[in-house]
Amino acid sequence: MITKHITEVTSRFNPFTKPSKTCRVFLAHLPANARNTMKINTTVLERNSQEPSFLKLKFKDGKEMQLDTEKLKINDVVEEVDRHSRVLNRQADLTGN
C-alpha cells in the first residue's frame with residue numbers, strides 16, 4: 001500500500017463487530033513512522049453502538065476519500081488508495097519532484 005501521499009487518516013469503528021475488521025486491518029497496514037508523516041484520528045465506539053464504521057483519508061493534493069468499511073473489504077480499500085497514490089506519483093514524476 002502506497003502511503004507516501006496520505007496526509008490524514010480518520011477512522012471510527014466498533015472493535016467488537018465483524019464489519020469493523022477492514023478499518024482495523026487498514027490501520028495495522030500503516031507504516032511504523034505514520035504518526036510522523038500523517039495525522040491519525042481514531043474513534044473507538046462502545047460495544048453496543050449502532051453507528052457505522054468508516055475510514056476517511058486526505059491526500060497531499062487535497063482530495064478527500066470517505067470509504068464505507070462496512071461494505072468494502074481490505075483489498076478494495078487498498079486498491080482505492082493505491083490507485084490515487086499512483087496518480088500522484090505519476091504527477092510528481094512528470095513535474096520532476
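**Notes on a predicted single-chain model**

1. Surface first. The chain exposes about 6,200 Å². Carbon and sulfur atoms supply 47% of that area. Keep in mind that this is a predicted model. Every value below is computed from it.

2. Overall build. The chain has 3 helices and 4 strands. Along the sequence they follow the pattern β-α-α-β-β-β-α. The C-alpha atoms fill a box of roughly 50 × 25 × 20 Å, taken along the principal axes.

3. The chain has 97 residues, and 35% of them count as buried. Now take the contacts with a separation of 6 or more: residues 24 or more positions apart account for 68% of these.

4. Charge. There are 17 positive and 12 negative side chains. The centres of the two sets lie 3 Å apart. Side chains of opposite charge can pair when their charged atoms come close. How many salt bridges does the structure hold? The count is 7. Three of them are described in the next points.

5. Glu 8 and Lys 58. These two form a salt bridge, with the closest N and O atoms 3.6 Å apart. Glu 8 lies in strand β1, while Lys 58 lies in strand β3 (residues 54-59), so the pair ties together parts that are 50 residues apart in sequence. Are the two partners buried or exposed? Glu 8 counts as buried because its relative accessibility is 17%, and the cut-off for buried is under 20%. Lys 58 has a relative accessible area of 26%, so Lys 58 is partly exposed.

6. Lys 56 and Glu 64. Here is another salt bridge, and its closest N and O atoms are 3.6 Å apart. Lys 56 is partly exposed, at a relative accessible area of 26%. Glu 64 also counts as partly exposed, with 45% relative accessibility.

7. Arg 83 and Glu 79. Their side chains meet in a salt bridge at 3.0 Å, N to O. Both residues lie in helix α3 (residues 74-95). They are 4 residues apart, about one turn of the helix. Arg 83 is partly exposed, with a relative accessible area of 39%. Glu 79 counts as partly exposed too, at 42% relative accessibility.

8. A network. Which residues are joined by salt bridges that share partners? Glu 8, Lys 56, Lys 58 and Glu 64 form one such network. Find the four side chains in the structure and trace the links between them.

9. Asp 82. This residue is found in helix α3. Asp 82 is buried, yet it has no salt bridge. The nearest side chain of opposite charge is Arg 86, 4.6 Å away. That distance does not qualify, because a salt bridge needs the nitrogen within 4 Å of the carboxyl oxygen. What does the side chain of Asp 82 reach? It reaches the backbone nitrogen of Ile 2, at 2.8 Å. Leaving aside neighbours within four places in sequence, Asp 82 is in contact with Met 1 and Ile 2.

10. His 84. This residue lies in helix α3 as well. His 84 counts as buried because its relative accessibility is 10%. Which residues does His 84 contact, leaving aside its neighbours within four places in sequence? They are Phe 59, Asp 61, Lys 63 and Met 65. Phe 59 falls within strand β3, whose residues are 54-59.

11. Ser 20. Look in the loop between β1 (6-13) and α1 (21-29). Is Ser 20 buried or exposed? Ser 20 counts as buried, because its relative accessibility is 1%. The side chain of Ser 20 reaches the backbone oxygen of Asn 14 at 2.7 Å. Neighbours within four places aside, Ser 20 is in contact with Phe 13, Asn 14, Pro 15 and Ser 53. Asp 68 is 48 residues away from Ser 20 along the chain. Their C-alpha atoms are separated by 10.0 Å.

12. To take away. The structure holds 7 salt bridges, and one network joins Glu 8, Lys 56, Lys 58 and Glu 64. Asp 82 is buried without a salt bridge, and its side chain reaches the backbone nitrogen of Ile 2. Ser 20 is buried as well, and its side chain reaches the backbone oxygen of Asn 14.

Key: Residues are numbered from 1 along each chain as its sequence is written. This is a predicted model: local features need pLDDT of at least 70, side-chain atom pairs count only at pLDDT 80 or more; totals for chains, interfaces and linings use all residues. Side-chain values use heavy atoms; hydrogens and water are left out. Helices (H or I, at least four residues) and strands (E, at least two) are DSSP runs, numbered from the N terminus. Buried means under 20% relative accessible area, exposed over 50%, partly exposed in between (1.4 Å probe, protein chains only). Contact means heavy atoms within 4.5 Å. A polar contact is a pair of N or O atoms within 3.5 Å; within protein, one must be able to donate a hydrogen and the other to accept it, and residues adjacent in sequence count only if both atoms are side-chain atoms. Accessible areas come from the Shrake-Rupley method with a 1.4 Å probe; for residues, only the protein chains shown count as cover. Lys and Arg count as positive and Asp and Glu as negative; His and the chain ends are not counted. The place of a charge is taken as NZ of Lys, CZ of Arg, CG of Asp or CD of Glu.
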